[in-house]
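Trainee: I would like to learn how to read a structure like this one. Please show me where to begin.

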Amino acid sequence: MEVTRRESLVLGAGLAMGAAAQAAVPGTGLGESLNRAARRGGRRFGAAIGMGRPGHVEGAFADPQYRRIIASECGLIVPENELKWGWVRRSPTGFDFSGADRLLAWAEAHGLALRGHNLVWHHPKWWPDWVTNYDFGARPAAEAARLLGEHIETVCRRYGTRIRSYDVVNEAVAAETGAMRETVFSRAMGSADDVLDLAFRTARRAAPHAQLVYNDYMSWEPGNETHRTGVLRLLERMRKRGTPVDALGVQSHIGSGNNVGDPSVFGPHDERAWRRFLDEVTGMGYDLLITEFDVNDRGIEGDIATRDRAVADYARAYLDLMLSYRQLGDVLAWGITDNYSWLQQRPPRRDGLPKRPTPYDSEYRPKPLRTAMAAAFRGAVPRRA
Ligand code: G3I
């Protein structure tokens with residue numbers, strides 16, 4: 001999608017220059033953009049943006065107001081779905097880069113970087129049907145390695161240095177057991193660890209300039225202990241084998257719906273456990289990113305102001321903790337306005353009202369969450385040089 005004339009007038013000529021437009025958020029009365037606030041600590045702020053479905057431009061990317069907020073608040077974007085196998089590899093014979101190409105062109109026109117999400121979603125649910133039913137033939141390990149390698153090389157080579165950070169593998173650890181998930185690829189290759197090794201080594205060869213990230217949703221909340229332990233063991237094994245992984249992507253879908261604002265459910269004990277987890281990760285030499293931040297307010301009762309306050313306070317505590325790590329780099333939100341949040345498609349609130357998980361409401365007004373994020377960025381420990 002091209003920038004419309006109206007949009008470019010609203011944003012002003014400076015927008016095409018990217019950084020120049022990051023100082024203020026046009027039309028909102030807000031001074032400093034979230035990216036500018038993050039830049040104070042040497043980080044960037046970004047957000048996910050999605051196009052709907054292959055061959056169509058709908059949803060967030062079709063909405064000029066959404067694009068306007070992204071362009072003014074962010075230093076980078078991440079395609080919500082357009083680089084996943086479910087979009088790029090809908091058939092065994094071809095690659096469809098139409099969505100990612102369009103997002104990247106738009107990002108570059110606005111001076112924004114683009115992260116790649118993801119090269120391998122190591123979860124049985126998210127492969128296209130043709131992969132799930134694939135005949136790996138007489139030498140399954142070799143065929144699986146060929147198919148995965150071809151995919152990763154094709155994506156990385158297509159975008160070259162235009163993409164400098166990839167979620168190479170997403171969600172390989174089963175949250176309930178802490179064990180590695182099994183997929184058609186792990187069964188064909190013998191083990192999930194072999195799949196991850198191949199993925200990271202191929203990505204390093206094909207995109208030597210890029211930051212390579214293992215991305216997962218283990219969280220700071222109670223109930224995540226097993227998941228965290230599984231991720232730690234995986235990171236340890238990868239270090240031992242010399243698998244080229246640079247960082248842990250902490251998705252940060254926080255607020256599991258019943259703990260926000262309730263100290264009897266979530267408290268200092270959980271924060272300490274989370275710090276121990278992050279200390280172990282960084283102690284192994286991994287950097288950190290926040291890749292998919294949002295706050296699920298499904299379980300918070302009260303009027304809108306009460307809910308927004310609880311979300312903002314909870315987010316502030318989380319971000320303050322995360323931003324105390326010098327190893328923490330970029331921070332990305334999984335959507336920036338409530339109306340396009342994936343959480344609206346998930347189990348509803350008891351009162352049936354839309355959720356309010358992102359920094360802007362559905363009328364594109366900044367919320368207390370945005371204020372909390374900006375304040376957390378301004379108070380952050382600077383990123384390790
Ligand atoms: O393309 C179809 C469209 O034809 C149909 O009309 C519509 C009806 O529901 O669905 C459309 O596809 C949906 C697609 O999003 C685009 O909207 C899929 O059903 C839906 O499963 C898909 O959901 C995405 C999900 O990942 C699975 O890929 C969400 O948008 C996306 O926010 C979510 O993102 C994940 C991260 O990748 C990994 N971490 C967790 C995060 C949240 O689940």
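Predicted model: local features only at pLDDT ≥ 70, side-chain atom pairs only at ≥ 80, totals over all residues.

Mentor: Residues are numbered from 1 along each chain as its sequence is written, and side-chain values use heavy atoms, with hydrogens and water left out.

Trainee: What is a polar contact?

Mentor: It is a pair of N or O atoms within 3.5 Å; within protein, one must be able to donate a hydrogen and the other to accept it, and residues adjacent in sequence count only if both atoms are side-chain atoms. Here, a polar side-chain atom of Glu80 lies 2.4 Å from an oxygen atom of the ligand. For Asn81, a side-chain N or O atom is 3.0 Å from a ligand oxygen. Glu171 has a polar side-chain atom 2.9 Å from a nitrogen atom of the ligand. Taken alone, the ligand exposes 800 Å², and the protein buries 58% of that; such areas come from the Shrake-Rupley method with a 1.4 Å probe, and for residues only the protein chains shown count as cover.

Trainee: Is Arg307 buried or exposed?

Mentor: Buried means under 20% relative accessible area, exposed over 50%, and partly exposed in between (1.4 Å probe, protein chains only). Arg307 has a relative accessible area of 0%, so this residue is buried. Its place is in helix 13 (residues 304–322); helices (H or I, at least four residues) and strands (E, at least two) are DSSP runs, numbered from the N terminus.

Trainee: What does the side chain of Arg307 reach?

Mentor: It reaches the backbone oxygen of Pro354 at 2.9 Å. The Arg307 side chain also makes a polar contact with the side chain of Asp297, at 2.8 Å.

Trainee: Which residues of helix 10 are buried?

Mentor: Among them are Ala192, Val195, Leu196 and Phe200. The buried residues of helix 10 pack against several elements, including strand 3 (113–121) and helix 8 (140–159), where contact means heavy atoms within 4.5 Å.

Trainee: How many disulfides does a search of the whole structure find?

Mentor: A disulfide is a pair of cysteine sulfur atoms within 2.5 Å, and the search finds zero.
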